[in-house]
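I opened a new page in my notebook today. Come along while I look a few things up.

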Amino acid sequence: MAELRFHWGSSLDSGQKKSTEKYSSELLDLDGAIEFAKDADALGVESLLMAQSYALPDPLPVIGALLRETQRVKFILAYRPGLLSPTLFTQIVNTVSWMSEGRIALNIVAGVSPAEQAYYGDFLAHDERYARADEFLEILHALWDGRGPLTYTGEHYRLVDARLGLGFKGGGRPEIYVSGASAVARRTAVRHGDCWFRYADTPEEIAKAAGPVVAEGREVGLRMQVLARETREEALAELAEVMRGADDAQREWVRAFVAAGDSEAVKNSMRLAEEAGHGWLSPVLWSGAVAYRGGPALCLVGSYDEVAASLMEYKAAGVGQFILSGWPARDEMQHFFTRVLPLVREHERAGRIAGAVLSAAGTR
């Protein structure tokens, strides 16, 4: 099997917030974001996910600034169809590809909250948003394939003789990730994407969901957190520290946001956390921060060996890629790429299966 691929969630500040702290959505610390991206570049991080939300600065202009300050790291642009026409969006992505020597990928998301979608004038229900995403991606593929002038008539988009002068740098198109836990999200990923991304679960449950997608020739990726230290005891001590002073107001805001949302991925993560008493789903999979950070906050916690072994379990379950984050984001990125990733590569070179890896981790 191919090597696991690891990306990281970008920070739009210096990346020093604890897990329970509220996002500072009223400011953009561009200098801090540049420092964070430069660190990722130096560490050899493959890509940084640039999230999209009303609570965050828009990722597109920020990517433009970060591209000028980095050399190798790619940027995964999270985007919700419906905000821009597909022709204009393709033109923007093609332009960014020329600015960056192709260092751009796409994470297509359909939105997690009808209330938030309404902020942008979008009132489609969950499955209708994915139907629109299906049309959107169909048009993008046609434009990148050079099938033009393109005339298209669908339920959500109508184009007449669409064409673009500037293609994607080097030909082809960006890598496409489609996110979501619902059946319609999986179908959209298989039809139009390279990788289906979802929030984490136990390896056993991920294997059940990943099998059909892998059988269709698509990759499966997980979005989750990680907290790794030299020993398990150190990791647990650090976990207690990052959760110190947990903000009940932030927890109540997350609860209300999830209740009002229609994302199966988010609701599933919250359900898993509640069933576990906001504790451990396995010896290394901790759910306690989900109440403060939502779906992406299921976290691998343990020694460097334990976390590497757990990642190999997910690989055995059919996972090929991860978008990871940590608390604080900048420090945890350093821990992961300097200490955990070499162990993962060691396991991969040795061709160890998941069970053998876990046994080896327990003896170190």
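Here are my entries, from the overall fold down to the cores.

**Entry: what I am looking at.** I noted that this is a predicted model. I looked up the secondary structure and found 14 helices and 12 strands in the chain.

**Entry: overall shape.** I wanted to know how the chain's radius of gyration fits its length. A compact globule of 364 residues would come out near 21 Å, and the chain has 20 Å, so the two agree. I also looked up the box that the C-alpha atoms fill, and along the principal axes it is roughly 65 × 45 × 40 Å.

Entry: What share of the residues is buried? I found 54% of the 364 residues. As for the surface, the chain exposes about 15300 Å², and carbon and sulfur atoms supply 52% of that area.

**Entry: contacts along the sequence.** I took the contacts between residues at least 6 apart in sequence, and 73% of them join residues at least 24 apart.

**Entry: charges.** I looked up 39 positive and 49 negative side chains. The centres of these two sets lie 3 Å apart.

**Entry: the cores.** Which residues have the most contacts inside the largest nonpolar core? My list reads Phe 6, Trp 8, Phe 322 and Phe 336, in a core of 99 residues. Apart from that core lies another, of eight residues, including Leu 49, Ala 105, Phe 197 and Ile 323.

**Entry: one residue up close.** I picked Phe 336 and left out residues up to four places away in sequence. Phe 336 then touches Phe 6, Trp 8, Val 226, Leu 311, Leu 324, Leu 341 and Pro 342.

Notes. Residues numbered from 1 in each chain as written. Predicted model: local features only at pLDDT ≥ 70, side-chain atom pairs only at ≥ 80, totals over all residues. Heavy atoms only, no water. Helix = DSSP H or I, 4+ residues; strand = E, 2+ residues; numbered from the N terminus. Rg over C-alpha atoms; globule rule 2.2 N^0.38 Å. Buried < 20%, exposed > 50% of the residue type's maximum accessible area, 1.4 Å probe, protein only. Contact = heavy atoms within 4.5 Å. Areas by Shrake-Rupley, 256 points an atom, 1.4 Å probe, with all protein chains shown as cover. Lys, Arg positive; Asp, Glu negative; His and termini not counted. Charge placed at Lys NZ, Arg CZ, Asp CG, Glu CD. Core = buried A, V, L, I, M, F, W, Y, C linked by side-chain atoms within 4.5 Å.
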